[in-house]
Amino acid sequence: MRYGTTGSACRALIRRDLLLTWRRRGDALNPTLFALIVVVMFPLALGPEPNQLARIAAGIVFVAILLAGLLALDGLFRGDQEDGTLEQIVLSPHPLPLLLASKIFVHWLTTALPLILVAPLLAEMLFLPPQVLPVLITSLALATPLLSLLGAVCVALTVGMRRSGMLLALLVLPLYVPVLIFAAGACDAAQAGLPYLAPLLWLGAALVLSMVLAPLACAAALRISIS
Amino acid sequence: MSITIRVPIGPALAIRLMRAGYPWPIMTKAETDNSIPLLEARGLAYTRNDEPIFGPLDFSLRAGEVVLVEGDNGSGKTTLLKVLSGLLDPSMGSIRLNGEALTLARLSHQVALLGHLPGLKSDLSPLENLDFAIGVFGLRGGITTRLALSSVGLEGYEDVPTRMLSAGQKKRVGLARLLLVPAALWLLDEPYANLDREGIDLVNRLLDAQARRGGAALVTSHGAYAFTSGTPRRLPLRPPA
């Protein structure tokens with residue numbers, strides 16, 4: 001008889017979700033492709049004027065990545081809910097918040113990390129000044145996990161409903177706006193040669209807070225929506 | 001030489017000892033003392049939006065028993081199993097598992113639920129699906145995933161993606177999961193659905209084995225299938241008036 005530890009349960013969940021993403025690796029690239037398409041549209045619509053594009057570059061990259069993240073968010077629990085594995089995960093004897101935290105981590109790894117990796121390319125396409133790029137990457141590294149964690153709570157609330165896309169967007173966007181303001185604010189400050197550390201520290205603080213609280217809220221929301 | 005500790009202890013303590021690597025087989029209260037039922041429901045009822053779904057129900061389930069929950073469509077069989085597994089909170093009444101309140105069920109590896117949905121990832125093979133189940137629920141001693149799959153008649157399908165399997169074969173993968181996880185109480189929702197005659201025999205054999213090793217099972221059926229081996233206790237479920 002072997003009961004296994006919470007650590008091994010989380011590892012099993014992470015391994016399974018990574019394997020599932022690998023089996024559908026074509027779908028996994030959709031958010032990245034979406035962000036790329038959005039960013040390509042801007043120079044076409046606004047004209048290829050480097051100064052004009054450079055001024056709004058960071059904002060465009062953030063909005064594109066935020067919307068791409070929103071696109072991927074709906075799938076976080078959808079598949080598991082449809083085939084009944086979500087029920088099994090909730091029934092597991094291990095702490096549900098920790099299992100969900102592993103699931104959110106894999107979701108961030110497979111949807112947000114590719115976006116951070118293509119961010120330098122997106123920034124280059126919009127003539128972002130090179131000295132702003134490190135600030136952009138840092139603020140993305142802090143903001144995207146925060147978006148995944150906040151989004152997961154809202155997805156957990158809507159998982160029991162059919163066609164919850166619009167409701168999910170309505171729930172999620174007010175929570176995403178402060179993140180967007182701080183992240184884009186840091187890049188704006190860096191571009192203007194002003195100190196940019198404060199908004200980054202705010203993002204970091206919010207990330208630490210939500211790393212602790214979001215999995216708990218997510219577990220509570222999930223228990224409500226599957227009943 | 002193996003020493004068996006016969007001091008009756010609660011299941012929570014037993015599991016804590018096993019997790020801590022306690023080397024001897026541990027007998028829990030339920031195994032030593034047959035007077036405490038494995039599962040006991042008193043005045044159990046469930047109401048959804050002021051509409052009564054089932055109950056109030058009084059019943060108990062002892063180790064070694066298989067109980068057949070019978071009722072028409074919509075009589076609340078599935079809801080009853082969800083309440084007993086801890087997925088839903090009962091509106092009234094209490095459930096005790098091994099003499100302790102059910103909140104422990106989530107923490108104590110005691111319950112395995114086989115629901116309407118197979119709980120399998122269609123992109124993964126049966127073997128990968130079962131490995132995940134073991135990771136999350138633990139593994140019963142003396143059995144491997146391959147052994148479990150061959151004992152439900154799925155030899156040769158170990159590495160086929162689950163989406164290529166038929167509904168009945170998926171059900172069999174679910175039964176293999178029951179064989180692997182160390183749960184004393186099985187809650188089976190319509191286990192006979194989608195199965196051929198041989199599959200129905202298989203379910204009955206598994207239930208027999210579960211009862212013989214001191215486990216228990218609660219099985220729902222809308223009555224279309226006869227339960228062939230032995231005479232299980234029946235729990236009729238009628239929609240509340």
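This is a predicted model: local features need pLDDT of at least 70, side-chain atom pairs count only at pLDDT 80 or more; totals for chains, interfaces and linings use all residues.
I counted two residues as in contact if their C-beta atoms, placed from the backbone, lie within 7 Å. Residues are numbered from 1 along each chain as its sequence is written, while chains are lettered from A and ligands numbered from 1 in the order in which they are written.

**Interface**

I looked up the side of chain B that touches chain A. There, 30 residues of chain B are in contact with 27 residues of chain A. I took helices (H or I, at least four residues) and strands (E, at least two) as DSSP runs, numbered from the N terminus. The elements of chain B giving two or more residues to this side are α1 (11-19) and α4 (126-137). α4(B) supplies the largest share, 5 residues. By class I found 15 nonpolar, 9 polar and 6 charged residues on this side. Here Ala, Val, Leu, Ile, Met, Phe, Trp, Tyr, Cys and Pro count as nonpolar, Asp, Glu, Lys and Arg as charged, and the others, Gly among them, as polar.

**Antiparallel sheet, chain B**

I paired strands if DSSP finds at least two bridges between them. Four strands of chain B make an open antiparallel sheet, ordered β4-β3-β6-β7. β4 (51-61) and β7 (100-101) of chain B are the edges; each has a single partner strand, so one side of each lacks a neighbour in the sheet. I traced 7 bridges between β3 (39-48) and β4 of chain B. T47(B) has P52(B) in β4(B) as its bridge partner.

**Parallel sheet, chain B**

I then followed the open sheet of 5 strands in chain B, in the order β8-β9-β10-β5-β11, with parallel pairing. Its twist averages 20° from one strand to the next. My angles run from 0 to 180 degrees between N-to-C directions, with axes as lines fitted to C-alpha atoms, for helices over the stretch in contact. β9(B) and β10 (216-221) of chain B share 4 bridges. W186(B) stands opposite A217(B) in β10(B). α7(B) packs on this sheet, touching β5, β9 and β10 of chain B, at about 150° to β10(B).

**Helix α6(B)**

I got 11 of 14 buried, so α6(B) is largely enclosed by the rest of the structure. Its buried residues, including V173(B) and L175(B), pack against β8 (111-114), α4, α5 (145-151), β9 (185-188) and α7 (197-212) of chain B.

The axes of α6(B) and α7(B) come within 12 Å and cross at roughly 10°. The two helices are therefore roughly parallel (angles under 35 degrees; over 145 is roughly antiparallel, 65 to 115 roughly perpendicular, the rest oblique). Among the residues that meet are R172(B) in α6(B) and L206(B) in α7(B).

**Positive phi**

Most residues other than glycine have a negative phi. I noted F127(A), with phi near 60°, in the loop between α7 (96-125) and α8 (133-158) of chain A. F127(A) is partly exposed, with 16 C-beta neighbours inside 10 Å. E190(B) has a phi of about 50° and sits in the loop between β9 and α7 of chain B. E190(B) is buried, with 20 other C-beta atoms within 10 Å.

Notes: A residue is buried if 20 or more other C-beta atoms lie within 10 Å of its own, exposed if 12 or fewer, and partly exposed in between; C-beta atoms are placed from the backbone.
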